[in-house]
Each structure stands twice: as C-alpha cells, then as structure tokens.
Amino acid sequence: MILRPRSARGHEGELSRREGHTDLVRITIRVRPGSTRPGVGGEHGGMLVVRVREHAVDGKATAAAVAAVAAAFGVRPHAVTLVAGASSPTKILEVEGADRLALEQLLLGR
C-alpha cells in the first residue's frame, strides 16, 4: 500500500496542519465493482477495499469508487484525485484534507 502524507507543494513528510496548507494522503485502493454491499473498509494485500454497485464499464466503477472514498473521508469529491489505475481494479488516489486516523480506521474495517 502506498501511504505517503505530503504537503500541497508535493514534498514528502509530515501532514501539514498550518493554516493555508492542504494535507494530501496518497492511498492505494482495490475496487470491487458489482458489489451487492457497497462500502469502504477493510484491506486486501495492504490496499483499502472499496466496494461499489456499478460495474467496470465506461469508468462508472472508478467514478463511484472516487465518490465513495470522498464520502468515507468526509471530503468533497473534487478533493479526491485519481493518480493511476483508471482501467485497473487497483488505483492510486490522492485525498486532499484526509485524516490519517480515518484511513487507519477504514483499513481495519471500522
């Protein structure tokens, strides 16, 4: 799993809590399209599992996964950026304004 806290300027390091700076967390997710029980939580091979109802057709599962991750972190959908994996079930996302504790809880399936 890729989990690198970064400041808005792209420098690796601690999450910035200073005013005027945005926190970015880069995560790797494993999307499970066509799920009857959608949700975000648990881990598969060190990746955060995102289950969505949409099927992997025309990017619908990817869009649903991005929206689900945004909701799980309590951020707006535009705060989640797809970095890699548009046509793969394994995707790398950057979540702006993410809370690292929330990520740890999601990985544990809570």
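Student: Which residue is the bridge partner of valine 40 in β4?

Tutor: Valine 50 is the partner of valine 40 in β4. Keep in mind that this is a predicted model, where local features need pLDDT of at least 70 and side-chain atom pairs count only at pLDDT 80 or more, while totals for chains, interfaces and linings use all residues. Residues are numbered from 1 along each chain as its sequence is written, and side-chain values use heavy atoms, leaving out hydrogens and water.

Student: Do β3 and β4 pair in the parallel or the antiparallel sense?

Tutor: Antiparallel: strand β3 (residues 39–44) pairs with β4 over four bridges. Strands count as paired if DSSP finds at least two bridges between them. Strands (E, at least two residues) and helices (H or I, at least four) are DSSP runs, numbered from the N terminus.

Student: What's in the turn of that hairpin?

Tutor: Two residues lie between β3 and β4, and glycine 45 in the turn has a positive phi of about 60°.

Student: How many bridges join β2 to β4?

Tutor: Four, and strand β2 (residues 23–32) runs parallel to β4. Isoleucine 29 has leucine 48 as its bridge partner there.

Student: How many residues of β4 are buried?

Tutor: Four of the five in β4 (residues 47–51), so the strand is mostly covered, where buried means under 20% relative accessible area, exposed over 50%, and partly exposed in between (1.4 Å probe, protein chains only).

Student: What does leucine 48 touch, apart from its neighbours within four places in sequence?

Tutor: Its contacts (heavy atoms within 4.5 Å) include Ile27, Ile29, Val40, Leu103 and Leu107.

Student: Which residues have the most contacts inside the largest nonpolar core?

Tutor: Leu48 is among them, along with Ile27, Ile29, Val69, Phe73, Val80 and Val95, in a core of 24 residues. The biggest share, seven residues, comes from α1. A nonpolar core here is a set of buried Ala, Val, Leu, Ile, Met, Phe, Trp, Tyr and Cys residues joined through side-chain atoms within 4.5 Å. In soluble globular proteins, nonpolar side chains tend to be buried together.

Student: New topic: why is β6 largely enclosed by the rest of the structure?

Tutor: Because five of the seven residues of β6 (residues 90–96) are buried. β6 pairs with β2 in the antiparallel sense over seven bridges, and four bridges join β6 to strand β5 (residues 80–84), also antiparallel.

Student: Which residue is the bridge partner of threonine 81 in β6?

Tutor: Glutamate 94. Glutamate 94 also forms a salt bridge with arginine 26, with the closest N and O atoms 2.8 Å apart. The term covers a side-chain nitrogen of Lys or Arg within 4 Å of a carboxyl oxygen of Asp or Glu.

Student: Are arginine 26 and glutamate 94 buried or exposed?

Tutor: Both are buried. The structure holds one salt bridge.

Student: What joins the side chains of threonine 62 and lysine 91?

Tutor: A polar contact of 3.0 Å. That's a pair of N or O atoms within 3.5 Å; within protein, one must be able to donate a hydrogen and the other to accept it, and residues adjacent in sequence count only if both atoms are side-chain atoms. Threonine 62 sits in helix α1 (residues 60–73) and counts as buried because its relative accessibility is 13%.

Student: And aspartate 58, buried or exposed?

Tutor: Exposed, with a relative accessible area of 72%. You'll find aspartate 58 in the loop between β4 and α1.
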